[in-house]
Amino acid sequence: MSNNRLGELLVREKLISLAQLRSAQEEQQRSGKTLGYTLARLGVISDDDITKFLSHQYRVPTINLDEYEIEPEILKLVSREQCERHRVVPVSRAGSSLVVAMTDPTNLNAIDDLKFLTGYNVEPVIASETAIAQAIERHYNAGPSYDEVMAGFDENEIDFSAEDADLSQMDLERASEDAPVVRLVNMILLNAIKKGASDIHIEPYEKKYRVRYRIDGVLHEEMQPPIKLKAAISSRLKIMSQLDIAERRLPQDGRIKLKLGKGREMDFRVSVLPTLWGEKIVMRLLDKGNLQLDMTKLGFDQKPLDDFQWAIHQPWGMVLVTGPTGSGKTTSLYSALSELNQPDTNISTAEDPVEYNLHGINQVQMHEDIGLNFAAALRSFLRQDPDVIMVGEIRDFETAEIAVKASLTGHMVLSTLHTNDAPATISRLLNMGIEPFLITASVNLVLAQRLARKICVDCKEEIGFDPQVLKDLGFKPEQMADARLFKGAGCKTCNGSGYKGRVALYEVMRFTDDLKDRVLQGVSSAELKQAAIRGGMQTLRMAGIAKVLAGVTTTEELLRVTMAD
């Protein structure tokens, strides 16, 4: 059923008012969810009431999926992808008919698809969208649990009597190939993918061994395997990463490539670090199929986006992206490169490490041990007839000097630095030893960014607020007048955190003539920032406030990722 049709029927039956429908339609456009789902989330009408209404309207029975255990052979008839696409769940079979729970019994496309796929006649029953989403998650997410995997271990088999240091390479190889160890490591990797983790931390301590996932920028403890397994687990991961399993005194870096079917690939960047109690392993997940390169979807507001696109399309100059580790700098740079990547443009990048492979771009991996660093790569690029150069990071005077010279000789240079905000980037370049007149001649724009967690749309609810708290955070009186604040109550979708996904906050400082004059006069970062704000720059805190007012994130996240102006 179309959203418009459902809205008309509910208003006609006086179950909701026209004003409530308009409000829900506005929220629906922001969230991208269906109208029925949005109405229920806003508390206008319950899931049950919508389900009963549709059942009465179309004379189709309802079903409570929470009380229904679906047999595995029924679930095999319809794939998870089909269920999610049509918002359906197969329930049971009766002769030549398949009973299917649907949110919309008038969806003939879904019914025809299911008939074709299964060979059965389809008998629809109605369930709410929330109930169907939960049923899909419950029935189609049945990988082995931690307890099931651990049941495969025999305590006697994993009790290494010797100290780790005394284990031979053969012992380690044997332990790492033990089937339960393989299953446990596979489960750690696959669970991280399912939960949308960006990093996996496997950490040994004196009396504890733990696995943590970084989800939406925050670490969560996932499990505590037996400490006796630490040598076997680290050896298994080293074998998968093609590292030396006998070397347990030096740090090592490697990579695991996982094929997930349907052409989807996941890369794990593996870092092994010897600690006091064994080897700590950190893996960064790089989902090649999930790289978002469309600038309009990254979280830019219109003016900052226009400024950023103006800067990268200049024939020469520097565009600098700044922020802490894990703030999305690489994604912003890759999105810029993706836009500039045309048949008539020669693009070279120096990266450490190369995170994603981009077709049509010449990407170079740094190797400090043989002298291939950012400065050496930059010098070589200038002999390769480049149009656009991307340097992974400007860390020292030598790299900064060559990057500035490249931008002044007709090249577009993109790079990153580690500073707290956009104006501080200029001070950082000055501290490195770059002359003020070279900075003003070369820098087009500085972009500072942070990632804030988004409120989970499945458990989003409106909350009250203290005006004084908002005032202290930097909200203006006119913004507080009609402000509506939200938070996530915590549900299965967001693992009880109230947050799901992240949104970028951007501070875009276009290097205007006024700012250039101030740099030449030697003003401080604070004065430069105030001048940029007067010139129309939106700071990270301002960008965060806009996202709070739009119902995307919370004031707690605003405090966590931004500083007061």
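This is a predicted model: local features need pLDDT of at least 70, side-chain atom pairs count only at pLDDT 80 or more; totals for chains, interfaces and linings use all residues.
Residues are numbered from 1 along each chain as its sequence is written, and side-chain values use heavy atoms, with hydrogens and water left out.

Next, ring pairs. I count 3 aromatic pairs in the structure (rings of Phe, Tyr and Trp, the last by its six-membered ring, pair if their centres lie within 6.5 Å; planes under 30 degrees apart are stacked, over 60 edge-to-face, the rest tilted). Phe-300 and Tyr-506 are stacked, at 3.8 Å centre to centre and 0° between the planes. They link distant parts of the chain, 206 residues apart. Phe-300 is in the loop between β9 (278–287) and α14 (302–312), and Tyr-506 is in strand β18 (residues 499–510) (helices, H or I, at least four residues, and strands, E, at least two, are DSSP runs numbered from the N terminus). I also see ring pairs joining Phe-300, Phe-308 and Tyr-506 into a cluster.

Then the charges. I find the charged end of Lys-460 over the ring of Phe-486, 4.9 Å from its centre (the test is NZ of Lys or CZ of Arg within 6 Å of the ring centre and within 35 degrees of the ring normal). The charged end of Arg-510 sits over the ring of Trp-310, 3.7 Å from its centre.
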